[in-house]
Amino acid sequence: MKTGELIRYHLSGLTRFEGRQPRQPFWIWVALVMVLSLAGMFAVMIPVLVQTFQRVQRFAVEHPDQVTVTEGPGSRSVQIHGYHPELAPDFVMLIGGVGAVSLVAVALLAAAVTRRLHDRGKRGWWGLVPRPFLASGLLLMPQLIANGEPDLGLFALLFVNNLVYIASLIVLVVMLAARGNPHDNRFGPPPP
């Protein structure tokens, strides 16, 4: 299957949660979605980080008594003294943008993941296991840094949440990577 055909096949199947999906075209689609997701996340992060660097540079020029600038060949470091939350990146926008890109990636992969799990003889619901941990991490992260003082209890909760999220992703990837059932199963005949 050529790349254009593969993209058309998956885009036309975004709402088709029945049937089976072979491994190779599935993983090519996953790689394409991941590359696009990374590009989307960079598109969200770069403007926020550039604005943050500009604010720090402006602060350094306007308040030289509150900064230490260290310069070397090919490097420059600006250390801000004191508490200046106005210089921090806009984490709400950053996390919101990353969350939006993640939701688009989930939407693009949901049906293909379901069909791939069907090829293994598994129900598509297995693909949902990581989602609550992703959602709770994205919802709780802004609260962690909302008031400038980090909440260590919330940090510990997010840390454990992220460990469970990563573990559930590993389990899902192993399920998706395994060989499909070569015979008919309850989800239909083997894919061509």
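Is asparagine 161 buried or exposed? I opened my notebook with that one, keeping in mind that this is a predicted model.

**Entry 1: asparagine 161.** I found asparagine 161 in helix H5, which covers residues 152-177. Its relative accessible area is 11%, so I put it down as buried, the cut-off being under 20%. Next I looked up what it touches. Leaving out residues up to four places away in sequence, asparagine 161 touches Phe133, Ser136 and Gly137.

**Entry 2: the overall layout.** I then stepped back to the whole chain. I listed five helices and two strands for the protein, and in sequence order they read α-α-β-β-α-α-α. The radius of gyration is 22 Å, while the globule rule gives 16 Å for 192 residues; the value is well over the rule, so I noted the protein as more spread out than a compact globule. The C-alpha trace spans about 75 × 40 × 30 Å along its principal axes.

**Entry 3: burial, contacts and surface.** How much of the protein is made up of buried residues? I wrote down 29% of the 192 residues. For contacts, I looked at pairs at least 6 apart in sequence, and 70% of these join residues at least 24 apart. The protein exposes about 12,100 Å², and carbon and sulfur atoms supply 69% of that area.

**Entry 4: charges.** I looked up the charged side chains too. There are 16 positive and 11 negative ones in the protein, and I have the centres of the two sets 20 Å apart.

**Entry 5: the strands.** In which sense do E1 and E2 pair? I recorded them as antiparallel, with six bridges between E1 (residues 67-72) and E2 (residues 75-80). Two residues separate the strands in a hairpin, and glycine 74 in the turn has a positive phi of about 75°. I also jotted down two facing pairs. Valine 67 stands opposite isoleucine 80 in E2, and threonine 70 stands opposite serine 77, also in E2. A reminder to myself: in a regular strand the side chains alternate between the two faces of the sheet.

**Entry 6: aspartate 65.** Where does aspartate 65 sit? I traced it to the loop between helix H2 (23-62) and E1. Its relative accessible area is 63%, and since exposed means over 50%, I marked aspartate 65 as exposed. I checked a distance as well: aspartate 65 and proline 85 are 20 residues apart along the chain, and their C-alpha atoms are separated by 18 Å.

**Entry 7: valine 106.** My last stop was helix H3 (residues 91-119), where valine 106 lies. With a relative accessible area of 24%, valine 106 is partly exposed, because that class runs between the 20% and 50% cut-offs. Which residues is valine 106 in contact with, leaving aside its neighbours within four places in sequence? I found Arg131 and Leu134. I also looked up lysine 2, which is 104 residues from valine 106 in sequence and 23 Å from it in space, C-alpha to C-alpha.

How values were computed
Residues numbered from 1 in each chain as written. Predicted model: local features only at pLDDT ≥ 70, side-chain atom pairs only at ≥ 80, totals over all residues. Heavy atoms only, no water. Helix = DSSP H or I, 4+ residues; strand = E, 2+ residues; numbered from the N terminus. Rg over C-alpha atoms; globule rule 2.2 N^0.38 Å. Buried < 20%, exposed > 50% of the residue type's maximum accessible area, 1.4 Å probe, protein only. Contact = heavy atoms within 4.5 Å. Areas by Shrake-Rupley, 256 points an atom, 1.4 Å probe, with all protein chains shown as cover. Lys, Arg positive; Asp, Glu negative; His and termini not counted. Charge placed at Lys NZ, Arg CZ, Asp CG, Glu CD. Pairing = 2+ DSSP bridges.
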